[in-house]
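Definitions of terms are given where each term is first needed.

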Amino acid sequence: MAKFPYGLTADDLLKMYRLILFGRRYGESVDRWYKAGRLPQLPYISMGQEAVGVGACYGLRADDWVLPSLRTNEAYWTRGVTVLEQFHGMMGNAHSITGGRETSNHAAYPDRGILVGTGLIASQIPVAVGAAIALKRKGKGDVIVCFFGDGGSNRGDFHEALNLASMLKAPVVFVCENNGYGFTAPASEVVTAKDVADRAMSYAMPGKTVDGQDVLAVYGAAQEAVKRARQGEGPTLLECKTHRYLPHCPSVEEERPPEVLHKMRQRDPLVILGDRLQREGLLSQATIQSMEQEIRQELEDSLEQAEHGPIPEPAEVFHNLYCEPTTAMGL
Ligand SMILES: Cc1ncc(C[n+]2csc(CCOP(=O)(O)OP(=O)(O)O)c2C)c(N)n1
Ligand SMILES: [Mg+2]
């Protein structure tokens, strides 16, 4: 029986593979559905980056927390949120977690340990530090994993959050999804550090750069950082070098040359894990086909169900906003 690193079992690796495959098919589907007018919410697609969210969230405890970036779709599924819940959010349905108030990528699911910041990039980083301080006070060894992009690491929020987290030894793991671009700006032209992980040095915390296309490398580094945080030793900055295969979002033109796009697909997270599992005799073509079939069915059924989901009652628009319901706006 093959031995896998970090005490992972064959079952764990198959689950990770399925999550990455799910992300890939989700990305392809929502890109198509948005362009066909079936999805009203602009999706931020993580194709190429799937191993980062899966590797950093897999193995967290139920009481831990995650704060995804705009693009960390995989964090939601790894924590057990269903795509149906997300599609309800995209449609603004009454059945979505906030009754139609949020977009799916700014939705918190507290029962599955998912918090959110705001629509401003990097705004989630100080929020994660605040949550980490609360977790530290609780004293149960719970941690929070916070995701953001290379562009986000240029904002002041990032710098003040890392400073505070380090001073207070907050149990937080900062995960930079470095896909080399912020919108259309290449990181090489706007981010001074070659490796974002080097910025950890300024804040007296460990900084580590890993291959974000290899889910096991991400998992191993994330688990090490989580362990450190649980033991009260404070935060870590983990930079995962990755690739975004599609433009920033479907309404933005692709500006990157075809040869660059071609090259990035040579190190594909699905292929890297899939090849390994096939070499170990753990993943047959039949298993892949049945996963593909299940995933396609779940995506299509969920979209159809969400398309027919109930829209919220206008009178409910102020629910959860004010302690006392207001009539001041005529509702
Ligand atoms: C403060 C702020 N400026 C600009 C935007 C618009 N915006 C949304 S995502 C994004 C790019 C973010 O780049 P990066 O942090 O590298 O994340 P990626 O999209 O590459 O995952 C921009 C400019 C925003 N949401 N907030
Ligand atoms: Mg980026």
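Met16, Leu19, Ile20, Gly23 and Arg24 of helix H1 meet Glu50, Ala51 and Val54 of helix H2, where contact requires C-beta atoms, placed from the backbone, to lie within 7 Å of each other. The residues of this contact divide into 5 nonpolar, 1 polar and 2 charged; Ala, Val, Leu, Ile, Met, Phe, Trp, Tyr, Cys and Pro count as nonpolar, Asp, Glu, Lys and Arg as charged, and the others, Gly among them, as polar. H1 passes H2 in a right-handed crossing. A crossing is called right-handed if the near helix is turned clockwise from the far one by less than a right angle, and left-handed if anticlockwise.

This is a predicted model, in which local features need pLDDT of at least 70 and side-chain atom pairs count only at pLDDT 80 or more, whereas totals for chains, interfaces and linings use all residues. Residues are numbered from 1 along each chain as its sequence is written, while chains are lettered from A and ligands numbered from 1 in the order in which they are written. Helices (H or I, at least four residues) and strands (E, at least two) are DSSP runs, numbered from the N terminus.

**Two helix pairs**

Axes are lines fitted to C-alpha atoms, for helices over the stretch in contact, and angles run from 0 to 180 degrees between N-to-C directions.

The crossing of H4 and H11 is right-handed. H4 contributes Val83, Leu84, Phe87, His88 and Met91 to the contact, and H11 contributes Glu298, Leu299, Ser302, Leu303, Gln305, Ala306 and Glu307. By class, these residues comprise 7 nonpolar, 3 polar and 2 charged.

Apart from neighbours within four places in sequence, alanine 306 is in contact with Leu84, Phe87, His88, Met91 and Asn93. The C-alpha atoms of alanine 306 and serine 96 are separated by 9.3 Å, although the two residues are 210 places apart along the chain.

In what order do the strands of the open sheet lie? The 5 strands follow the order S1-S2-S3-S7-S6, with parallel pairing, two strands being paired if DSSP finds at least two bridges between them. Strand S1 (65-67) and strand S6 (207-211) stand at the edges with a single partner strand each, so one side of each has no neighbour in the sheet. From one strand to the next, the twist averages 20°.

Strand S2 (residues 144-149) and strand S3 (residues 172-178) pair in the parallel sense over 6 bridges, and 3 bridges join S1 to S2, also in parallel. Cysteine 146 has phenylalanine 174 as its bridge partner in S3, and leucine 67 stands opposite cysteine 146 in S2. The bridge partner of phenylalanine 147 in S3 is valine 175.

In a regular strand the side chains alternate between the two faces of the sheet. In S2, Ile144, Cys146 and Phe148 point one way and Val145, Phe147 and Gly149 the other, and all are buried.

Helix H2 (residues 50-57) lies across S1, S2, S3 and strand S7 (236-241), running at about 170° to S3. Of the 8 residues of H2, 8 are buried. Just after H2, glycine 59 takes a positive phi of about 95°.

Serine 153 lies in the loop between S2 and helix H6 (156-167). With 27 C-beta neighbours inside 10 Å, serine 153 counts as buried. Its contacts, beyond neighbours within four places in sequence, are Phe148, Phe158, Cys176, Val191, Val196 and Arg199.

Around ligand 1 there are 17 residues, of which Arg71, Gly149, Gly151, Gly152 and Gly182 come nearest; a residue is near a molecule or strand if its C-beta atom, placed from the backbone, lies within 6 Å of it. The shell around ligand 1 divides into 5 nonpolar, 8 polar and 4 charged residues.

How values were computed:
Two residues are in contact if their C-beta atoms, placed from the backbone, lie within 7 Å. A residue is buried if 20 or more other C-beta atoms lie within 10 Å of its own, exposed if 12 or fewer, and partly exposed in between; C-beta atoms are placed from the backbone.
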